[in-house]
Amino acid sequence: MDKITVKRCPFKIFVNQTGYYPDSRKIAVMNFPCESFRIIDSGEVCRYEGKTELFGYDENSGDTVYRADFTDFTEEGTYRVTSGNEKSAEFSIAENVYDKVFGDVLKAFYYLRCGCGLEEKYAGVYKHGKCHTSPALLYDDKKTETDVSGGWHDAGDYGRYVTAGACAAAHLLYAYKMFPTAFEKRQLNIPESGMPDILAECRYELEWLMKMQREDGGVYHKVTTERHAPFVMPEDDNGQLYVFAVSSSATADCGAVCALASGIYEKYDKSFSEGLRITAEKACLWLEKNPEFIGFKNPDGCNTGGYGERDDYSNRFWLYAEMYALTGDKKYHDKIKKSLENNFPLTAMGYTEMGGLGALAYLLCGYETDKVLAKQFSDNFRREAERLKNISDKCGYGCAMEEKDFYWGSNMLVMVRGMIFAVSDYFEKKSTYKNYAAAQLNYLLGVNPTGYSYVTGNGEFRCNYPHLRPANADGIDECIPGMVSGGPNRFPGDRAAEMLIPKGTPPMKCYADNVDCYSLNEITIYWNSSAVFVLGYLCGGITKS
Ligand code: 9MR
Ligand code: ZN
């Protein structure tokens, strides 16, 4: 494939290109008039026939959508859907259908590790040398050296940002905590052992997060070079690293994820768990002394990520909820109540709004909870799931997104919505929204009007040229697998995207698999982590009591 031109999808019938569980709801989507469809196996033998249904006009794609429902075809195998001269990409029906994609989106974090080399026995052809290990200077004085090596590269760039990292690690840790059976035996072929691989991988990030804390408990917002690196391998990015100012959002998020992790790792490594608790407590003390919001703004001349926020209400709430869940100390319960006097969304689980993670902490806590408050939190998730279900039902592609939701990194919001379906089911101990969570994954993996699977290495027609420095610099045709692309963005925010996306393009089609389109096709750790959570639910399931 040429890296500059954007390939058009050869398929006009859209399916989850990974596939479906035998007992899942299965709907292929067409955007051309058709009346019937067939399912053919790899020997082109027809295995199923059915009538399509006109779904109607779908605003976010601009398509008139027809749908082929083959839910009652449950035989394991590899197939395509056909209609007239058109066909779908290949997909499977199988119990283990998500194994590869699940393993890949989780292994992606290993490929993004910073501060170490990636050895061939773990990384194969994607091996590379040690990166970003030189001491960083405090940006403020440009003199003081500090060791903040480690953690994951944030995204297509080589920056490491605390709020983004805390969010991604929290998604993974909650996925493990809520759906442990999906992870316990999942081998990722990474260097560590002695605990489930997902925990070993998160530990790599947590150790870095702890290094980002200053002696007084405040946490630096980010460590990056002053300007984004050119498209070179990480070991060749030798620009001076800087540690930028402390922010209250970074301090709260770092404390919160460390408190969450402290409880989880206790069983595996007492002293690590203890260190995490101390980090979290120090963050609390710093925040007490700094009750005002201290945001982050890039200094002039610096063009790496800002991750600015408008306030830190949800971050502080999340921290206090995690501290209460960890210690049962009433003083944190009082702080939870106090922080709820501010207004912020209590189901959001992105990288700026953390209220949903705080609610999760409270609902999963082993200590006594205020029944009214707990009910309010779980009702919020259920109400939000119901609202999203209605949106999904109105979308030809089953996606729970409205026009306004297709902004930078929209695929994260799709996955966070999948998370809300999962969380709601978890607390109801039912599988009411399982098909809706799956529908969000189906969209990500090909049931969308671009026809792309937005996960590298997965699906017959998949994105392969994300804005990801090592993938572009390594000279290897096939991109590192398991990277979730940011996806359609109705406000193309880079020059290449402005050129490639004609004005008036419907939101769901504002996408190009092009390395220069960072506003449409970058990757980030928190886009991957939200996909891991959804897969954790679909593969681990709800334990009915
Ligand atoms: O996801 C962020 C998006 O909402 C912003 O509009 C954009 C521009 O500031 O930045 C995005 O975040 C990037 C971060 O700043 C640096 N690493 C890559 C992130 C994804 O593009
Ligand atoms: Zn690095």
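**Close-up 1. Polar contacts of ligand 1.** In this predicted model, a polar side-chain atom of Asp 154 lies 2.8 Å from a nitrogen atom of ligand 1, a polar contact being a pair of N or O atoms within 3.5 Å. An oxygen atom of ligand 1 is 2.9 Å from an N or O atom in the side chain of Tyr 351, and an oxygen atom of ligand 1 also lies 3.1 Å from a polar side-chain atom of Trp 408. Residues are numbered from 1 along each chain as its sequence is written, and ligands are numbered from 1 in the order in which they are written. Side-chain values use heavy atoms, with hydrogens and water left out, and side-chain atom pairs count only at pLDDT 80 or more, while local features need pLDDT of at least 70.

**Close-up 2. The residues around ligand 1.** Among the 13 residues around ligand 1 (those with a heavy atom within 4 Å of it), Asp 154, Asp 157, Tyr 351, Trp 408 and Glu 522 come nearest.

**Close-up 3. The zinc ion (ligand 2).** The zinc ion is coordinated by Cys 114 (SG), Cys 131 (SG), His 132 (ND1) and His 153 (NE2) at 2.0 to 2.3 Å, where donors are N, O and S atoms within 2.8 Å of the metal (3.2 Å for Na, K and Ca). The angles among these four donor atoms are 99 to 117°, and the site is tetrahedral, a term for four donors with all angles between 85 and 135 degrees.

Terms used:
Polar contact = N/O pair within 3.5 Å; in protein donor to acceptor, adjacent residues only side chain to side chain. Tetrahedral: all angles 85-135°; square planar, octahedral: opposite > 155°, others 65-115°.
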